[in-house]
Amino acid sequence: MTGRLVHVGPVIIDVVMAVDALPRAGEGVFASSARTLVGGGFNVVAAAARAGMEVVYAGAHGTGPHGDLARAALRSEGVAVAHAPSPDADTGFCVALVDGDAERTFVTRLGAEMDLSLDRLRTLRPGPGDFVYTVGYSLLPGPRADDLLTWIGGLPEGVRLVLDPAPVVGDIPGPTLDRVLARVDLLSLSAAEAATVTGRAVPEEAAALLLPRIRPGGAVVVRDSARGCVVAGGGNGPG
């Protein structure tokens, strides 16, 4: 497979706990199981590496037990790590509660992965044929979002930008989202996220509205749980 995947989104730690039902306010429940896993962007980079791509994790990561766990998992997949650990914070983590209906509820504590500076980004050299992958968490208001937007704006022609806006898409300022979408070649988001952006609950309608907002020739993928996905792009309508 040609072209590298350069992932500049966050890799974090997931603490996944299975419960029969979420507790009411002030109450507690017991978990029937609990697992600590490396998650976030790790799922993407591991899948790409297993598919045979050369992968570089170019996001930030911290100094501490969570950062150590993330780096060990990346090394086990053969993923190169572009930056040294940030010295002043550990990698963040997410507690995921999975109830009896398999619905997931998240509580996230962000960490060093959110501190990816423009200076660090400028040490990266993606070239034609490479994919740069980022997520909505990195576009939340703050100076690092501005740094990422500046760097994205300077990507060479031939570098393909992939964006997963994530469940926080509604918290991304409109001008920020417009600016990054204008450079995106592949937009992948859930049906709920697409509805948040477009106001359309029907995935086909949402995909059709999103397609003109990304680069010409790009594609929009709206993921709709067990119902599959809708793909718009490449000169074709949603299908």
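Buried means under 20% relative accessible area, exposed over 50%, and partly exposed in between, with a 1.4 Å probe and protein chains only. This is a predicted model, in which local features need pLDDT of at least 70 and side-chain atom pairs count only at pLDDT 80 or more, while totals for chains, interfaces and linings use all residues. Residues are numbered from 1 along each chain as its sequence is written, and side-chain values use heavy atoms, with hydrogens and water left out.

**Figure 1. Overview of the chain.**
The chain holds seven helices and 12 strands; helices (H or I, at least four residues) and strands (E, at least two) are DSSP runs, numbered from the N terminus. Its radius of gyration is 18 Å, close to the 18 Å that the globule rule gives for 239 residues, so the chain is as compact as a globular protein of that length. That radius is taken over C-alpha atoms, and the globule rule is 2.2 Å times the number of residues to the power 0.38. The C-alpha trace spans about 50 × 45 × 35 Å along its principal axes. Of the 239 residues, 45% are buried. Contact means heavy atoms within 4.5 Å. Among contacts between residues at least 6 apart in sequence, 68% join residues at least 24 apart.

**Figure 2. Surface and charge of the chain.**
The accessible surface comes to about 11800 Å², and 55% of it belongs to carbon and sulfur atoms. Accessible areas come from the Shrake-Rupley method with a 1.4 Å probe; for residues, only the protein chains shown count as cover. The chain carries 20 positive and 26 negative charges, and their mean positions are 5 Å apart. Lys and Arg count as positive and Asp and Glu as negative, whereas His and the chain ends are not counted. Each charge is placed at NZ of Lys, CZ of Arg, CG of Asp or CD of Glu.

C94 is buried, with a relative accessible area of 5%. C229 is partly exposed, at 43% relative accessibility. A search of the whole structure finds zero disulfides, a disulfide being a pair of cysteine sulfur atoms within 2.5 Å.

L5 lies in strand β1, which covers residues 4–7. With a relative accessible area of 6%, L5 is buried. Beyond its neighbours within four places in sequence, L5 is in contact with V44, V45, A48, M53, E54, V55, V56, F131 and Y133. L5 and P165 are 160 residues apart in sequence, and their C-alpha atoms are 18 Å apart in space.

**Figure 3. Close-up of helix α4 and its packing.**
Helix α4 covers residues 143–153, and its buried residues include A145, D147, L148, L149, W151 and I152. An α-helix has 3.6 residues a turn, so residues three or four places apart point the same way. The buried residues of α4 pack against α3 (118–121), β8 (131–135), β9 (160–164) and α5 (174–181).

D147 is buried, at a relative accessible area of 14%. Leaving aside neighbours within four places in sequence, D147 is in contact with L116, S117, L118 and L121. The C-alpha atoms of D147 and L116 are 8.1 Å apart, although 31 residues separate the two in sequence. L149 is also in helix α4 and is buried at 4% relative accessibility. L149 and H61 are 88 residues apart along the chain, with 20 Å between their C-alpha atoms.

S138 is in the loop between β8 and α4. At 12% relative accessibility, S138 is buried. Neighbours within four places in sequence aside, S138 is in contact with V8, G9, P10, M114, A145 and L148.

A102 is in the loop between β6 (93–98) and β7 (104–109). A102 is not a glycine, yet has a positive phi of about 70°. A102 is exposed, with a relative accessible area of 55%. S225 lies in the loop between β11 (219–223) and β12 (229–233). S225 is not a glycine either and has a positive phi of about 55°. With a relative accessible area of 68%, S225 is exposed.
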